[in-house]
Each structure stands twice: as structure tokens, then as C-alpha cells.
Amino acid sequence: MAISQGSINFKNVTIQSEKYVVVREDDKKKIAIVTTGAKRVKRLNNQGTPPIDQAIMNPSAEVVALRSGDGAGGTNLNIFSLQMRANMKSAKVAEKVVYWKWINAKTIAIVTPKSVYHWSLDGN
């Protein structure tokens with residue numbers, strides 16, 4: 001699987017279910033998505049500006065949510081389908097996102113210093 005040992009730390013790794021582990025590799029150029037049962041790794045290039053700060057895998061589908069931005073100018077959020085290799089949805093939150101988590105297969109809970117949001121895959 002060849003993920004750098006230095007990349008395995010609290011700020012770089014997210015685990016949303018027993019099926020997937022997501023690692024932001026140290027060079028910040030790639031996001032590694034490990035499918036635990038199949039022992040395979042998919043990598044996404046992290047060439048955007050600003051680079052991806054964190055990624056969280058959907059608990060049941062090959063869909064990953066990506067977060068970028070330091071919060072000073074807002075936080076960019078994207079939902080990306082690994083199967084279609086396409087962006088499904090994007091949003092910009094005016095504040096820094098301090099916590100986010102898939103709460104089911106279609107909804108992400110987003111917490112900022114002042115608000116709590118639910119972002120659904122359905123609709124616009």
C-alpha cells in the first residue's frame with residue numbers, strides 16, 4: 001500500500017467506518033483512500049489551491065468529501081464520486097469548519113464556531 005509512516009497521525013487520518021481509512025499524505029499532494037477489506041489504495045491528486053486539508057469517506061458509497069481553506073476566507077467543501085471520477089457537489093462556508101462528519105449515507109453534519117449545518121447530497 002506504500003503510505004508513508006510519517007503521514008499516519010491524528011491530523012492526517014480519518015476513519016468514518018470499518019470499510020475505509022483516508023490519509024492525507026505528508027507532502028499534501030495526494031489523498032490516499034484505503035479500502036480495508038480489499039486491501040487496496042486509491043489516490044486523489046491534491047493539486048488544488050488551497051490544497052485539501054481533510055477528507056472524509058462516505059460510510060457506504062465510494063464518495064469522498066473534501067475540505068480546503070484555512071477558514072479566514074471561508075472553507076471550501078466538495079463531494080467527489082470515486083466511481084464517476086467527478087465532483088458531485090460544492091459549497092463554500094463563510095466560517096472555519098471546526099468539525100464535520102457523515103451522519104448517514106446522504107448527509108454531512110458541519111460545525112463552525114457559530115453554527116451547525118446539515119449538507120445533503122440530494123438537491124442543490
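The model is predicted, so local features need pLDDT of at least 70 and side-chain atom pairs count only at pLDDT 80 or more, while totals for chains, interfaces and linings use all residues. Residues are numbered from 1 along each chain as its sequence is written, and side-chain values use heavy atoms, with hydrogens and water left out.

The chain has zero helices and 11 strands. Helices (H or I, at least four residues) and strands (E, at least two) are DSSP runs, numbered from the N terminus. Of the 124 residues, 42% count as buried; buried means under 20% relative accessible area, exposed means over 50%, and partly exposed lies in between (1.4 Å probe, protein chains only). Among contacts between residues at least 6 apart in sequence, 28% join residues at least 24 apart, where contact means heavy atoms within 4.5 Å.

The interior can be described by its nonpolar cores, a core being a set of buried Ala, Val, Leu, Ile, Met, Phe, Trp, Tyr and Cys residues joined through side-chain atoms within 4.5 Å. The largest nonpolar core has 12 residues, among them Ile56, Val63, Ile79, Val97, Trp100, Trp102 and Trp119. Two or more residues of this core come from each of strand S6 (63-71), S7, S9 and strand S10 (107-111). A second, separate core has nine residues, including Ala55, Met57, Val64 and Phe80.

Val63, a member of the largest core, is found in strand S6. Val63 counts as buried because its relative accessible area is 7%. Leaving aside neighbours within four places in sequence, Val63 is in contact with Ile56, Met57, Asn58, Ile79, Phe80, Ser81, Met88 and Trp102. Val63 and Ile79 are 16 residues apart along the chain, and their C-alpha atoms are separated by 6.9 Å.

Val97 also belongs to the largest core. Apart from neighbours within four places in sequence, Val97 contacts Arg67, Thr75, Ile110, Val111 and Thr112. One of these partners, Thr75, is found in strand S7 (residues 74-81). Thr75 counts as buried because its relative accessibility is 1%. The side chain of Thr75 reaches the backbone oxygen of Glu95 at 2.9 Å. For such a polar contact, a pair of N or O atoms must lie within 3.5 Å; within protein, one must be able to donate a hydrogen and the other to accept it, and residues adjacent in sequence count only if both atoms are side-chain atoms. Not counting residues up to four places away in sequence, Thr75 touches Arg67, Ser68, Ala91, Lys92, Val93, Glu95, Lys96 and Val97.

Next come the empty spaces. Rolling a probe the size of a water molecule over the atoms shows where empty space is left. On a 1 Å grid over the protein atoms alone, a cavity is a set of points where a 1.4 Å probe fits but cannot get out, and a pocket is an open set with protein on both sides within 12 Å along at least five of seven lines; lining residues have an atom within 4 Å of a point. Grid points are joined across faces, edges and corners, and a volume is the space filled by probe spheres set on the points.

The largest pocket has a volume of about 330 Å³. Of its 15 lining residues, Phe10, Lys11, Thr14, Gln54 and Arg67 are the closest to its centre. Strand S1 (13-15), strand S5 (52-57) and strand S9 (99-104) each supply at least two residues of the lining.

One cavity of 30 Å³ or more is found in the whole structure. The largest cavity has a volume of about 40 Å³. Of the 11 residues that line the largest cavity, Asn12, Val22, Arg24, Gln54 and Ala55 are the closest to its centre. S1, strand S2 (20-24) and S5 each give two or more residues to this lining.

Two loop residues complete the account. Ala105 lies in the loop between S9 and S10. Ala105 counts as partly exposed because its relative accessibility is 34%. The C-alpha atoms of Ala105 and Ala61, 44 residues apart along the chain, are separated by 7.3 Å. Arg85 lies in the loop between S7 and strand S8 (86-93). Arg85 has a positive phi of about 55°, although it is not a glycine. With a relative accessible area of 54%, Arg85 is exposed.
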